[in-house]
Amino acid sequence: MAKEIEAAPSVQLSSIAVSETHGENSPYFAGWKAYDENPYNEASNPSGVIQMGLAENQVSFDLLEEYLETHPEASFRGRGATGFRENALFQDYHGLPTFRKAMASFMEEIRGGRAKFDPRRVVLTAGATAANELLTFVLADRGTAWLVPTPYYPGFDRDLRWRTGVNIVPINCDSSNNFQITTPALEAAYELAESMNIRVSGVLITNPSNPLGVTISRSVLEDILDFITRKNIHLVSDEIYSGSVFSSSEFVSVAEVLEAREYKGSERVHIVYSLSKDLGLPGFRVGTIYSYNDEVVTTARRMSSFTLISSQTQHLLACMLSDKKFTKNYIEVNRTRLRKRYERIIEGLRSAGIECLKGNAGLFCWMNLSPLLEKPTKEGELDLWRTMVHELKLNISPGSSCHCSEPGWFRVCFANMSEHTLEVALERIHKYMEQRRT
Amino acid sequence: MRLMLSGKATCNSHGQDSSYFLGWEEYEKNPYDQTRNPQGIIQMGLAENQLSFDLLESWLSENQDIAGFKRNGKSIFRELALFQDYHGLPEFKKALVQFMEEIRGNKVSFDPNKIVLTAGATSANETLIFCLAEKGDAILIPTPYYPGFDRDLKWRTGAEIVPIHCTSSNGFKITARALERAYQEAQNRNLKVKGVLVTNPSNPLGTTMTQAELDLLMDFIIEKQIHLVSDEIYSGTVFSSPNYTSIMEVLSKYEKAEVWDRVHVVYSLSKDLGLPGFRVGAIYSNNDSIVAAATKMSSFGLVSSQTQYFLSALLSDKKFTKNYISENKKRLKKRHASLVSGLQNAGISCLESNAGLFSWVDMRHLLKSNTFKAEMELWEKIVYDVKLNISPGLSCHCSEPGWFRVCFANMTEETLEIAIQRIKAFVESVSRGHDKAIGGKKCLNINLRKKFSKWVFRLSFHDREAGER
């Protein structure tokens with residue numbers, strides 16, 4: 001027999017649940033919507049919207065697939081099935097020892113052996129999204145702030161702020177010096193926070209940078225380290241694109257700079273890594289925090305209970321990343337393919353009269369369309385963006401979504417599509433630029 | 001000037017200094033092994049289900065292609081590797097809700113669009129509380145409860161837990177009086193009550209909730225206009241009558257009323273399927289706002305697409321699930337009976353139970369005095385002398401000393417036998433007055449005792465840790 005209840009005012013959800021800090025109602029999602037409603041397909045929908053807003057690495061899957069085919073034990077097939085039970089039970093937040101070790105050595109390999117990583121300092125999380133949020137919970141109190149150089153990955157607004165209650169204060173970078181971080185800019189950001197009565201907990205950089213596609217130079221890293229030491233605050237270096245640097249010698253990790261300083265003051269420094277970009281495995285949710293601070297390692301590890309990596313996936317990747325023949329080849333081939341893609345898109349854009357920031361890493365280029373703006377304003381940029389999405393049918397990311405202080409810059413991804421699709425995109429841009437000239 | 005970490009880093013809400021974890025530490029130092037360390041400590045504090053792996057292993061050997069990222073002979077590795085949509089793999093959600101329905105005897109139906117996937121129930125519970133509560137709010141939880149809740153529900157959310165005291169006088173069932181008292185206590189502490197969280201079947205009791213309790217809970221949350229979270233992660237471990245009644249079944253009696261928006265279920269495959277390593281948890285709710293918010297939050301703890309795909313195939317195999325559910329229950333029932341009768345022979349009784357991977361054991365008669373201090377002394381003896389890691393009731397916030405949770409599904413039958421023999425021997429020695437003084441082991445245990453005492457002190461006086469803001 002059904003019971004009848006009087007309607008009553010419903011109890012409130014938490015303020016986090018009802019806030020908009022997850023950022024998903026921003027206007028930039030219109031680009032995604034346009035793509036979802038009319039996705040490009042080489043065969044069935046060649047005039048659809050091409051997705052150039054997704055920083056995925058699809059250029060090296062064949063290498064991964066080949067590995068899996070020839071190593072059935074990595075997926076518990078064949079004789080490898082004997083380890084299934086232990087693996088299914090394994091939920092220790094220290095992580096699978098073989099996997100932790102493999103991760104540490106893979107990180108060393110990517111840095112050309114120029115930095116050492118101790119597996120005991122590796123904390124595993126379900127993706128870099130989780131790693132960044134977790135580090136924020138550990139290092140920063142509600143109401144304090146991260147200083148983050150602009151332009152930055154739009155997801156940080158959610159990952160660093162939503163549930164943590166921590167703020168982001170921008171470190172303004174601009175094209176006058178190729179968007180490099182300078183000490184005056186760091187100081188200005190710190191002062192801005194102070195003027196708003198916000199205590200600064202640290203600086204968070206992405207190196208190589210998203211969306212710039214450029215590595216941070218050693219001297220800038222030294223400046224940043226000096227700055228955080230002076231202020232006695234933390235530094236988080238998000239190095240998830242470190243394996244996507246086109247030439248190995250050009251990437252300097254903060255780990256290398258610390259080693260050169262004999263780890264003085266290193267307890268302030270923490271590195272975030274992930275396999276989503278370098279290995280192209282965002283679905284597997286593999287992130288890590290590497291901290292030189294013992295207390296942070298212990299606390300972060302305990303907190304990782306909320307975001308552990310599937311042991312099934314840890315096992316698979318432990319096998320793969322422990323195979324030095326595989327990793328050496330993968331890193332080299334992947335790098336070469338990304339560089340080729342990058343060179344193609346730069347050349348294609350240049351011949352259409354479009355210049356990009358000189359990049360050396362990442363899965364995207366930072367395109368300068370400021371000469372095309374009707375008005376040198378955010379609105380002008382959004383107008384141009386809408387033209388890109390609805391007329392050229394290219395979903396690219398406007399600089400304002402990355403909090404860029406100068407209008408007219410766009411992030412364009414090139415590694416999440418086939419070579420043919422890239423050509424189609426370039427052709428559309430060519431046509432558009434020709435039309436504009438007449 | 002000291003380099004600062006957050007308040008969350010320096011406080012103790014992670015709960016890792018509690019005895020629940022300390023016993024674990026001792027086990028790690030001297031773990032029992034049938035051949036290599038037969039004198040070691042037997043782990044009986046871990047609620048794992050190791051009884052039915054052979055069924056999973058044989059499915060795996062017959063479905064190697066699934067493990068190999070193939071669907072109908074074609075490789076879908078690329079597709080899975082790229083799949084990070086927080087809405088979850090549709091085929092997995094479908095298979096999961098069907099499995100949940102099967103466990104509930106198909107007496108309820110679940111909509112795959114109302115389920116949110118998370119990296120384990122640990123993540124699901126925390127995420128739900130993030131959606132429902134914050135600093136200044138309280139969640140009411142019946143005692144005794146799973147020690148992990150102190151970390152999962154309070155640490156990063158800032159919410160508080162206020163206990164609903166249950167006692168052995170009525171088999172630890174929830175009463176209207178206990179609910180009211182808890183609500184009142186929250187008010188006295190200036191906390192806004194946002195909801196009640198229950199575990200059904202219960203951890204650590206191993207019992208399913210009665211119809212009366214379920215109705216009582218519904219009446220209570222309707223009257224107070226608050227939420228109800230039902231953690232049903234042990235729903236597949238109900239091995240004997242009374243039959244299991246999920247809160248969802250009760251809810252269906254209330255015709256699409258506003259209360260539908262305030263009842264939520266948490267599930268996981270860690271206990272029923274014995275796959276804690278795979279990190280598969282879920283939140284189920286009829287409340288669209290909660291589903292929407294929780295879905296976005298799940299970005300911080302998604303389930304590996306590799307695992308989603310593997311399990312979607314496993315759970316879609318109805319022949320497998322039907323056999324697994326029934327066989328698993330049979331084995332749990334048998335194990336449970338072995339432990340209970342073994343303890344009975346030693347003069348120790350258990351709370352009558354019909355579910356879970358553990359028994360709630362009554363050792364009050366073995367206490368020197370009716371105090372938690374005596375409980376701790378007994379526990380230390382059991383860990384160090386009898387060499388069994390079991391969980392003391394205090395770590396589960398039990399209001400009466402002398403109760404212990406003893407797990408039975410995470411070891412072989414032989415190991416369980418040995419554990420029972422050790423208990424028997426211990427009880428006999430106690431009754432013969434050959435009660436071993438802790439004496440010689442005192443200095444070894446001093447750290448343990450200090451940590452435990454500090455923790456007991458904190459609990460009794462609801463003290464807040466220095467450094468907590």
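What percentage of the 469 residues in chain B is buried? Buried residues, those under 20% relative accessible area (1.4 Å probe, protein chains only), make up 64% of that chain.

The structure on display is a predicted model, in which local features need pLDDT of at least 70 and side-chain atom pairs count only at pLDDT 80 or more, while totals for chains, interfaces and linings use all residues. Residues are numbered from 1 along each chain as its sequence is written, chains are lettered from A and ligands numbered from 1 in the order in which they are written, and side-chain values use heavy atoms, with hydrogens and water left out.

**Chain B**

Please select chain B, which has 17 helices and 15 strands. Helices (H or I, at least four residues) and strands (E, at least two) are DSSP runs, numbered from the N terminus. Of the contacts (heavy atoms within 4.5 Å) in chain B between residues at least 6 apart in sequence, 76% join residues at least 24 apart.

Next, select residues 53-62 and 305-316 of chain B, helices H3 and H13, which pack at an angle of about 105 degrees with their axes 11 Å apart. Axes are lines fitted to C-alpha atoms, for helices over the stretch in contact, and angles run from 0 to 180 degrees between N-to-C directions. H3(B) is therefore roughly perpendicular to H13(B); angles under 35 degrees count as roughly parallel, over 145 as roughly antiparallel, 65 to 115 as roughly perpendicular and the rest as oblique. Leu56(B), Trp59(B) and Leu60(B) of H3(B) meet Phe310(B), Ala313(B) and Leu314(B) of H13(B). This contact has 6 nonpolar, no polar and no charged residues. Here Ala, Val, Leu, Ile, Met, Phe, Trp, Tyr, Cys and Pro count as nonpolar, Asp, Glu, Lys and Arg as charged, and the others, Gly among them, as polar.

**Chain A**

Turn to residues 97-110 (H5) and 324-351 (H13) of chain A, which pack at about 40 degrees with axes 11 Å apart. H5(A) is thus oblique to H13(A). Residues making the contact include Phe106(A) of H5(A) and Ile331(A) of H13(A), and the contact divides into 3 nonpolar, 2 polar and 4 charged residues.

Remaining on H13 of chain A, select Val333(A).

Finally, select helix H15, residues 419-437 of chain A, which has 19 residues. Among its buried residues are Leu422(A), Ile429(A) and Tyr432(A). The buried residues of H15(A) pack against strand S1 (50-51), H13, helix H14 (378-392) and strand S11 (394-395) of chain A.

Conventions: Expected span 1.5 Å × (residues − 1). Buried < 20%, exposed > 50% of the residue type's maximum accessible area, 1.4 Å probe, protein only.
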